[in-house]
Amino acid sequence: MDDPETQFDIDHVEHSVGGFGGHAFRRLTHVSMSLVPVLYYTRGEDIAGFFSLTLPELVSYVFFAVLAIEVVRLRFGIVIVGQREYESKQISAFAWGAFAVCLALLVTGMEPFASGTGIKAGMYGFPLIFGLTFVDPIMGEIKRIKHDLKMAIVVGMATSYIVWVGCSFWLGTPLWVCILLAPLTVLGELPPVRYIDDNATMIMFPLAGLLLLSPFL
C-alpha cells in the first residue's frame, strides 16, 4: 500500500498542522519564495556586502543555517504550523526547497549561465525558481480538490510554459531552452517519492536539463 503522503489525491489539509489555516499558510509561504530571486538579483550584492560576504558565500551560509535548523527540528521531532505530520521524522519540504533554490542560484551564477547583469543575470534562475513557487501550488490544489492528475498535469504544463516563455520575453532566456525545460518542471512534481520532496525535484529536474544543455548556450 502507498504511504498516505505519496498518494496524489490525498487531502493534505487533514495532514497539515493547523488544518486548513496551516495549509493556507504553507501555500502562502510557498508562493512568497518567488521573492527570493527578486531580492537576489536586485539587492543580493548589497545584502552580501553588509555581511562582508560574496554573493555565493551568502547563498551557502543561508543554506547551512537552514540545514542546522533542520537538524535540530528533526532531533526533537518538531513540526510547526503548515508542516505535515510526517515531516517530524523526515527532511521537510521547506528544507528541500531551500536546498534546490540555493543550488539553482549557485549554478546559474556560473559560466556559461551568468551572461547578464542585474536582474538580467536571472534569465535562468528566475524560471527555475518561479516554476517551483507557482506551478507546484497550482498542481497541488487541483490534485487536492479535483482528484484529477491529468487536469493537474495539463494546467501545470500551461503554467510552466507561461513562466518559462514569460521569462524569455522579460529576461531574454533562450526560447528553445524554455520550450525544452518547461515540461521538466512539471515532471519534477510527479514522482511519488517519500523522502525527496517535489520542492527539490521541481527545480533539480530542469536544472539538470539546463546543465546538459550548457555546451550549446
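Select isoleucine 203. Skipping its neighbours within four places in sequence, isoleucine 203 is in contact (heavy atoms within 4.5 Å) with Ala100, Val101, Ala104, Leu128, Ile129 and Leu132.

Before moving on, a note on the model. It is predicted, so local features need pLDDT of at least 70 and side-chain atom pairs count only at pLDDT 80 or more, while totals for chains, interfaces and linings use all residues. Residues are numbered from 1 along each chain as its sequence is written, and side-chain values use heavy atoms, with hydrogens and water left out.

**The core**

Together with Ile203, they touch the most other members of the largest nonpolar core, which has 43 residues. Such a core is a set of buried Ala, Val, Leu, Ile, Met, Phe, Trp, Tyr and Cys residues joined through side-chain atoms within 4.5 Å. Buried means under 20% relative accessible area, exposed over 50%, and partly exposed in between (1.4 Å probe, protein chains only). Now colour the elements that give two or more residues to this core: α2 (35–50), α3 (55–76), α4 (93–107), α5, α6, α7 and α8. α5 gives the most, with 8 residues. Helices here are DSSP runs (H or I, at least four residues), numbered from the N terminus.

**Helix α7**

Go to residues 175–187. Stop at leucine 181. A kink of about 30 degrees lies there, shortly before proline 183. The bend is the angle between axes fitted to the seven residues ending at a residue and the seven starting there. Leu181 is also buried, as are Val177, Cys178, Ala182, Thr185 and Val186. The buried residues of α7 pack against α5 (125–146), α6 (149–171) and α8 (198–213).

**Salt bridges**

A salt bridge is a side-chain nitrogen of Lys or Arg within 4 Å of a carboxyl oxygen of Asp or Glu. The count is 5. Select arginine 27 and aspartate 136: their closest N and O atoms are 3.9 Å apart. The pair links helix α1 (residues 19–32) to helix α5, 109 residues apart. Arginine 27 counts as buried because its relative accessibility is 14%. Aspartate 136, at 4%, counts as buried too.

Next, show glutamate 141. Arginine 27 forms a salt bridge with glutamate 141 as well, at 2.9 Å. Arg144 joins Arg27, Asp136 and Glu141 in a network of salt bridges.

Finish at glutamate 189 and lysine 143. Their side chains meet in a salt bridge (2.7 Å, N to O). Glutamate 189 lies in the loop between α7 and α8 and lysine 143 in helix α5, so the pair ties together parts 46 residues apart in sequence. Both residues are buried.
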